[in-house]
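This briefing covers a single protein chain and is arranged by topic. Please consult the sequence and the model alongside the points that follow.

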Amino acid sequence: AQSDCGETASSAANGNENAASTEANDADESESGDEPPADDEEDAAEEEDEDEPEADPEEEPEDGGDDGIIDIDPELLYCFFDADSDGLFNCEESTHGTDPNNWDTDGDGLGDGLEVGSGLGDPTLFDTDNDALSDFQEMTWGTNPWSSDSDGDGYSDSNEIFWGSDPTDPDDEPFDIDWL
């Protein structure tokens, strides 16, 4: 048990010696100028800051500062708005000749944005290929709205539908009857 007490006393003595050497090192550093400024120097720096007047929160900054308001050109805002919710911005509508206030300018049942984006027809023409089928009907039948004869068999899409043949199958023609 005495050895434990002796070791503890010995450690304490070494700690005191370490403390004394640390104080000596601190004194050496203060002479070399590496020590942080004394309390008097900090007080002097604070007094210098107090000499500057505080900014009035209601006064505008001299540099014309940012007041947080963003100026937006109303014409530009209108351009990137989709007034009729057809998938085309108002500026795009004018590019395609469509009405920015009517989602289906040609009235064929397909929205302007769909016709432009997918190529399902001209958004300004009810029947793009002039075969008596609206662009919506062309989509329903699976025919090409840009060609009046989608399967190329010589019969228009609307005639094939009327006579009951498939307008997408070139081998299925109307009046396909064997005359023996």
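**Contacts and overall features**

Beyond its neighbours within four places in sequence, Trp 146 is in contact with Gly 119, Leu 120, Gly 121, Asp 122, Thr 128 and Asp 129. The model is predicted. The chain contains 7 helices and 0 strands, and its pattern along the sequence reads α-α-α-α-α-α-α.

- Of the 180 residues in the chain, 21% are buried.
- Among contacts in the chain with a separation of 6 or more, 22% are between residues 24 or more positions apart.

**Trp 146 and the loop between α6 and α7**

- Trp 146 is placed in the loop between α6 and α7, the latter helix covering residues 157-163.
- The C-alpha atom of Trp 146 is separated by 6.1 Å from that of Thr 128, although the two residues are 18 residues apart along the chain.
- Thr 128 is also among the contacts of Trp 146 once neighbours within four places in sequence are left aside.

**The loop between α5 and α6**

- Ser 134 lies in the loop between α5 (112-118) and α6 (135-141).
- Is Ser 134 buried or exposed? The relative accessible area of Ser 134 is 4%, under the 20% limit, and the residue is therefore classed as buried.
- With neighbours within four places in sequence left aside, Ser 134 is in contact with Asp 108 and Phe 126.
- Asn 130 is placed in the loop between α5 and α6, and its phi is near 55°, a positive value in a residue other than glycine.
- Asn 130 has 67% relative accessibility, which is over 50%, so Asn 130 counts as exposed.
- Ala 132 is likewise located in the loop between α5 and α6; although Ala 132 is not a glycine, it has a positive phi of about 75°.
- The relative accessible area of Ala 132 is 62%, and Ala 132 is exposed.

**The disulfide**

- How many disulfides does the count give? The count comes to 1 disulfide.
- This disulfide is formed by Cys 79 and Cys 91, with their sulfur atoms 1.5 Å apart; the pair qualifies because the cut-off is a distance within 2.5 Å.
- The pair links distant parts of the chain: Cys 79 belongs to helix α3 (residues 74-79) and Cys 91 to helix α4 (residues 90-96), and the two cysteines are 12 residues apart.
- A disulfide is a covalent bond between the sulfur atoms of two cysteines.
- Cys 79 counts as buried at 12% relative accessibility, whereas Cys 91 is partly exposed with a relative accessible area of 31%.

**Aromatic pairs**

- A search of the whole structure finds 2 aromatic pairs.
- One of them joins Phe 80 and Phe 89: the ring centres are 5.7 Å apart and the planes stand at 75°, so this pair is edge-to-face.
- Phe 80 is exposed, its relative accessible area being 53%, while Phe 89 is partly exposed at 38%.
- Phe 162 and Trp 163 also form an edge-to-face aromatic pair, at 5.0 Å centre to centre and with 90° between the planes.
- What is the exposure class of Phe 162? Phe 162 counts as exposed, with 62% relative accessibility.
- Trp 163 reaches 49% relative accessibility and counts as partly exposed, because the exposed class requires a value over 50%.
- A pair of aromatic rings is described by the distance of the centres and the angle of the planes.

**A nonpolar surface patch**

- Which residues make the nonpolar surface patch? Ile 70, Ile 72 and Leu 77 make the patch, and its area is about 350 Å².
- Leu 77 has a relative accessible area of 54% and is exposed, whereas Cys 79 counts as buried at 12%.

Note on methods: Residues are numbered from 1 along each chain as its sequence is written. This is a predicted model: local features need pLDDT of at least 70, side-chain atom pairs count only at pLDDT 80 or more; totals for chains, interfaces and linings use all residues. Side-chain values use heavy atoms; hydrogens and water are left out. Helices (H or I, at least four residues) and strands (E, at least two) are DSSP runs, numbered from the N terminus. Buried means under 20% relative accessible area, exposed over 50%, partly exposed in between (1.4 Å probe, protein chains only). Contact means heavy atoms within 4.5 Å. Rings of Phe, Tyr and Trp (its six-membered ring) pair if their centres lie within 6.5 Å; planes under 30 degrees apart count as stacked, over 60 as edge-to-face and the rest as tilted. Patches are made of residues with over 30% relative accessible area and no salt bridge: like charges are joined within 9 Å, nonpolar side chains (Val, Leu, Ile, Met, Phe, Trp, Tyr) within 5 Å. Accessible areas come from the Shrake-Rupley method with a 1.4 Å probe; for residues, only the protein chains shown count as cover. A salt bridge is a side-chain nitrogen of Lys or Arg within 4 Å of a carboxyl oxygen of Asp or Glu.
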